[in-house]
Amino acid sequence: MKEVVDEIAEPLTDIFNKSISEGVVPQDWKIASVTPIFKKGTKLDSGNYRPVSLTSHIGKLLESLIREAMINHLSQNRLINESQHGFRHKKSCLTNLLEYLEYVVNQIDAGDPVDVIYLDFQRAFDKVPHHRLMQKLRAHGITGSIINWIENWLADREQRVVIKGICSRFTAVISGVPQGSILGPLLFIIFINDLDDGVENKILKFADDIQKL
């Protein structure tokens, strides 16, 4: 794509503008070949693999443009809780750990006990309900043509598993945000952004990994 950028820039701009204005995503962009990435445990258990979706590079390019606009909106209005360290600019596992360490040290120096509860949602990305996600996006001020585009992007998705060139049959995806997509991580942290609401304790999050102190 970089080698032919001068030839494809104008037609892609027309396609992207039409896709956003009409809120319609080409079906080819919603078809994913899933590559299972081993995490831990026994390799005989399918639950020990992370499903990463390989999708259209053209579609991902438009995703990145929409993601950038959404991040600007969320950052300018300070809509994402500071407890979230995953998939955010200038935040990481390290900043999560440093903030955790500082809090624990301060509590101990003050002579106060510290208890920590760790939470990790199973298959969190795959279980996000689309209807509820749309409600939370609107609550964060994401509306108009962008919300229509995202809703269509999530609808009628299909995926298959590909291992060593052998493909399974396509199956419908009825929930979740695609792992391996550009928009998926941002949509997920918006979905769990209100997890802190009503909690008096300090909470630190890295995506779906949560520490409650």
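**Entry 1: helices α4 and α5**

I looked up the handedness of the crossing of α4 and α5 and found that it is right-handed. The structure I consulted is a predicted model. I then noted how these two helices lie: α4, residues 130–139, packs against α5, residues 144–154, at an angle of about 165°. Their axes are 11 Å apart. Angles over 145 degrees count as roughly antiparallel, and α4 and α5 are therefore roughly antiparallel to each other.

I next listed the residues that meet.

**Entry 2: helices α1 and α2**

I turned to α1, residues 5–22, and α2, residues 57–76. I found that their axes cross at roughly 65° and come within 11 Å. The crossing of α1 with α2 is right-handed.

For the contact, I noted L12, F16, S19 and I20 on the side of α1. In α2 they meet I58, L61, L62, L65 and I66. I sorted the residues of this contact into eight nonpolar, one polar and no charged.

**Entry 3: cysteines**

I searched for disulfides and found zero in the structure. C93 has a relative accessible area of 52% and is exposed. For C167 I recorded a relative accessible area of 40%, and this residue is partly exposed.

How values were computed: Residues numbered from 1 in each chain as written. Predicted model: local features only at pLDDT ≥ 70, side-chain atom pairs only at ≥ 80, totals over all residues. Heavy atoms only, no water. Axes fitted to C-alpha atoms, helices over the stretch in contact; angles between N-to-C directions. Helix = DSSP H or I, 4+ residues; strand = E, 2+ residues; numbered from the N terminus. Parallel < 35°, antiparallel > 145°, perpendicular 65-115°, else oblique. Left-handed = near helix turned anticlockwise from the far one by under 90°. Disulfide = S-S within 2.5 Å. Buried < 20%, exposed > 50% of the residue type's maximum accessible area, 1.4 Å probe, protein only. Contact = heavy atoms within 4.5 Å. Nonpolar A, V, L, I, M, F, W, Y, C, P; charged D, E, K, R; others polar.
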